[in-house]
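User: Hey, I've got a structure to look through for class. Can you walk me through it?

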Amino acid sequence: MLIAGVAERYTDLVTTVFSSTIAMKAWFATAALALAGVQVLTAARIYGRVNFLPERGPAIARVHRWSGRLAFVCTLPVFFHCVTILGFQTPDARVAIHSIVGTFLYGVFVAKVLIVRDRSLPNWALPTAGLTLASLLLVLWLTSSLWYFTTVRFGF
Amino acid sequence: MGRGWRPILAGGAVVVGVFALAQAQVFAPSEPAAAPTTTGDAGRGETVFQENCAGCHGDSGQGGVGPQLAGSGLHAAEVTSAVQQGRGVMPAGLVSGQEQADVVAYVVSISSPSQ
């Protein structure tokens with residue numbers, strides 16, 4: 001059956017590069033968090049809250065947009081494994097927090113994208129949505145990748 | 001209802017959709033996959049165990065965050081199922097393929113009650 005073999009084929013594909021599917025998720029989540037950091041920094045520069053980056057302008061905006069797109073792409077394989085294979089689980093506090101926060105991630109992402117395109121909303125709406133999204137990613141990383149790197153192994 | 005609610009409503013709909021998808025686990029194996037056809041090497045499995053399992057189960061399988069494996073009398077099918085499906089807080093798929101066969105052979109060797 002097509003669906004029955006998806007998990008096995010996915011595992012085979014992932015393990016051609018990584019030691020396990022968990023390792024793949026840990027590293028993709030780390031990349032997404034790093035790019036989210038770029039998002040926060042470039043957004044802070046666009047809003048004039050930091051001055052150590054190059055001057056505001058098209059380049060910063062371009063870096064902001066592309067770091068966001070790449071961060072989104074990095075979350076997709078993690079989403080596939082976590083949501084469609086593992087599902088919502090609550091065996092302990094770490095996994096429960098990870099499941100609950102993970103459920104909200106794409107909802108906040110969609111809200112943020114819609115807020116970007118809606119000029120009629122108050123000025124605080126976009127930074128609030130962006131910081132919420134980055135915070136959710138941080139919590140997800142702390143409850144998965146950091147746990148994996150410190151408890152299981154630090155490697156690919 | 002003002003336009004300001006649109007992002008919240010759309011985001012809420014996505015949250016509900018993701019939760020439903022997570023509950024469905026559409027690509028989760030419906031039953032434990034067949035036991036590996038390759039024979040595991042307990043010697044290589046010890047290395048795999050030290051890299052992937054010892055953090056929770058202890059260097060000698062004596063237990064720690066995870067349960068004790070040494071002397072626990074586990075069978076290969078039980079170990080294989082735990083590795084493939086996960087168990088409790090242990091995530092599924094920490095190792096796969098030949099590494100899985102090797103680590104299963106090692107765990108079975110140390111879980112023998114005579115150890």
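Here is a chat about this structure, which is a predicted model.

User: How many helices and strands does chain A have?
Analyst: Chain A has 6 helices and 0 strands. Going along the sequence, the pattern reads α-α-α-α-α-α.

User: Okay, and what box do its C-alpha atoms fill?
Analyst: Roughly 50 × 35 × 30 Å, taken along the principal axes of chain A.

User: How many of its residues are buried?
Analyst: Chain A has 156 residues, and 39% of them count as buried. As for contacts between residues at least 6 apart in sequence, 66% join residues at least 24 apart.

User: Switching topic: what's up with α2(A)?
Analyst: α2(A) has 26 residues and spans 37 Å from its first C-alpha to its last, close to the 38 Å expected at 1.5 Å a residue. Just after α2(A) comes Gly48(A), with a positive phi of about 75°.

User: How many residues of chain A are in contact with chain B?
Analyst: 34 residues of chain A are in contact with 35 residues of chain B. On the chain A side, the elements giving two or more residues are α1, α2, α3, α4 and α6. The largest share, 10 residues, comes from α4(A).

User: Which kinds of residues are on that side of chain A?
Analyst: 20 nonpolar, 10 polar and 4 charged.

User: Now chain B. At what angle do α4 and α5 of chain B pack?
Analyst: About 130°, with their axes 9 Å apart. The crossing of α4(B) past α5(B) is right-handed.

User: Which residues of α4(B) and α5(B) meet there?
Analyst: From α4(B), they are Ala76(B), Val79(B), Thr80(B) and Val83(B). Their partners in α5(B) are Gln100(B), Val103(B), Val104(B), Val107(B) and Val108(B). The residues of this contact divide into 7 nonpolar, 2 polar and no charged.

Key: Residues are numbered from 1 along each chain as its sequence is written. Chains are lettered from A and ligands numbered from 1 in the order in which they are written. This is a predicted model: local features need pLDDT of at least 70, side-chain atom pairs count only at pLDDT 80 or more; totals for chains, interfaces and linings use all residues. Helices (H or I, at least four residues) and strands (E, at least two) are DSSP runs, numbered from the N terminus. A residue is buried if 20 or more other C-beta atoms lie within 10 Å of its own, exposed if 12 or fewer, and partly exposed in between; C-beta atoms are placed from the backbone. Two residues are in contact if their C-beta atoms, placed from the backbone, lie within 7 Å. Ala, Val, Leu, Ile, Met, Phe, Trp, Tyr, Cys and Pro count as nonpolar, Asp, Glu, Lys and Arg as charged, and the others, Gly among them, as polar. The expected span of a helix is 1.5 Å times one less than its number of residues. Axes are lines fitted to C-alpha atoms, for helices over the stretch in contact, and angles run from 0 to 180 degrees between N-to-C directions. A crossing is left-handed if the near helix is turned anticlockwise from the far one by less than a right angle, and right-handed if clockwise.
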